[in-house]
Amino acid sequence: MPRRTDRYHVGSTNPLWHMYRTVSFLKVMWCFVIITIGRFSPSLRFKNGLYRTCLRMKIGDRTALALMVMPDTMFPERITIGSNTIIGFNTTILCHEYLTTEYRIGNVTIGNDVLIGANVTILPGVTIGDGAVIGAGSVVHRDIEPYERVSSQPLRRHEM
C-alpha cells in the first residue's frame, strides 16, 4: 500500500524553490527554534509540553523523545504519537518530502507502546501500529502493523 500523502506538482523548477508558498517562512523559523530547544532538552516533561503547546504535536502520556529527535520543521502538527512510546536518539520524523518535480505532505501516526531505535527516519504518510518495534537505523517507508518488529533497509519483518 502506498504511503498516504498529498502530491503537488510544481512544473519545471524543483519544488524547494516553491517552499515558502507551501508554508510561511515565519512558521518554519518558529518551528526550527522550538525544535532546536527541544532537541537539546534532557527533560521529557518539558520537551513534550513544549511540542504540544508551541507546535501542536499530539503526544501521549509517558512518551519519551530522546535527545536530538528531529520532528518535521514545516508541519509538526501532522505528527501524532501515542502513550508510553520511546523514540530513540537522533530519529527524524518527516511529514513532507521534496522531489525533483513535486512535493508531498502526509501525516505520521505512531501508536502506543512503540519502540523506535536510534537514527531512524520516518517518512511522511505512514502509520506505526501499537506495540511495534523499529530497529535502529531503519527507514520507515511503509505502514508498520501493530506488534510488528522490523529493522534495516529495506525494512524486514522479524518473527518473535
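The following paragraphs lead through one protein chain, from its overall form to individual residues. The structure is a predicted model, and the values given below are computed from it.

The protein chain as a whole comes first. Its secondary structure amounts to 3 helices and 17 strands. Along the principal axes, the C-alpha trace of the protein chain spans about 50 × 35 × 20 Å. How does the radius of gyration of the protein chain agree with that of a compact globule? For 160 residues, a compact globule would have a radius of gyration near 15 Å, and the protein chain has 15 Å, which agrees. Of the 160 residues in the protein chain, 47% are buried. Contacts can also be sorted by how far apart the partners lie in sequence. Among contacts between residues at least 6 apart in sequence, 38% join residues at least 24 apart.

One stretch carries an annotation from a record. UniProt, in an unreviewed entry, places the feature "transmembrane region" at residues 20-40; such annotations may be inferred rather than shown by experiment. In the model, residues 20-40 are 90% helix and 0% strand.

The cysteines are the next topic. A disulfide is a covalent bond between the sulfur atoms of two cysteines. How many disulfides does a search of the whole structure find? The search finds 0 disulfides. The cut-off needed here is that the two sulfur atoms must lie within 2.5 Å. The cysteine sulfur closest to that of C54 belongs to C31 and is 9.6 Å away, so the two are too far apart for a bond. For C95 the closest cysteine sulfur is again in C31, at 11 Å, which is also too far for a bond. C54 is partly exposed, because its relative accessible area is 25%. C95 has 0% relative accessibility and therefore counts as buried.

Y8 is partly exposed, with a relative accessible area of 34%, whereas Y103 is buried, with a relative accessible area of 12%. The rings of Y103 and Y98 have their centres 5.5 Å apart and their planes at 35°, so this pair is tilted. Both Y98 and Y103 are buried. Through ring pairs, Y8, Y98 and Y103 are linked into a cluster.

L65 lies in strand β3 (residues 64-65) and is buried, with a relative accessible area of 0%. Leaving aside neighbours within four places in sequence, L65 is in contact with L44, K47, N48, Y51, I81 and I87. F89 lies in the loop between β6 (86-87) and β7 (92-93) and is partly exposed, with a relative accessible area of 42%. Not counting residues up to four places away in sequence, F89 touches A66, L67, M68, A118 and N119. L65 and F89 are 24 residues apart along the chain, and their C-alpha atoms are separated by 7.7 Å. F89 and S152 are 63 residues apart in sequence, with 16 Å from C-alpha to C-alpha.

The last topic is the backbone angle phi. M68, one of the residues that F89 touches, has a positive phi of about 70° although it is not a glycine. M68 is found in the loop between β3 and β4 (70-71), and at 19% relative accessibility it counts as buried. N84, which is not a glycine either, has a positive phi of about 55°. N84 is found in the loop between β5 (79-81) and β6. Is N84 buried or partly exposed? At 38% relative accessibility, N84 counts as partly exposed.

Definitions and conventions
Residues numbered from 1 in each chain as written. Predicted model: local features only at pLDDT ≥ 70, side-chain atom pairs only at ≥ 80, totals over all residues. Heavy atoms only, no water. Helix = DSSP H or I, 4+ residues; strand = E, 2+ residues; numbered from the N terminus. Buried < 20%, exposed > 50% of the residue type's maximum accessible area, 1.4 Å probe, protein only. Phe/Tyr/Trp six-rings, centres within 6.5 Å; stacked < 30°, edge-to-face > 60°. Rg over C-alpha atoms; globule rule 2.2 N^0.38 Å. Contact = heavy atoms within 4.5 Å.
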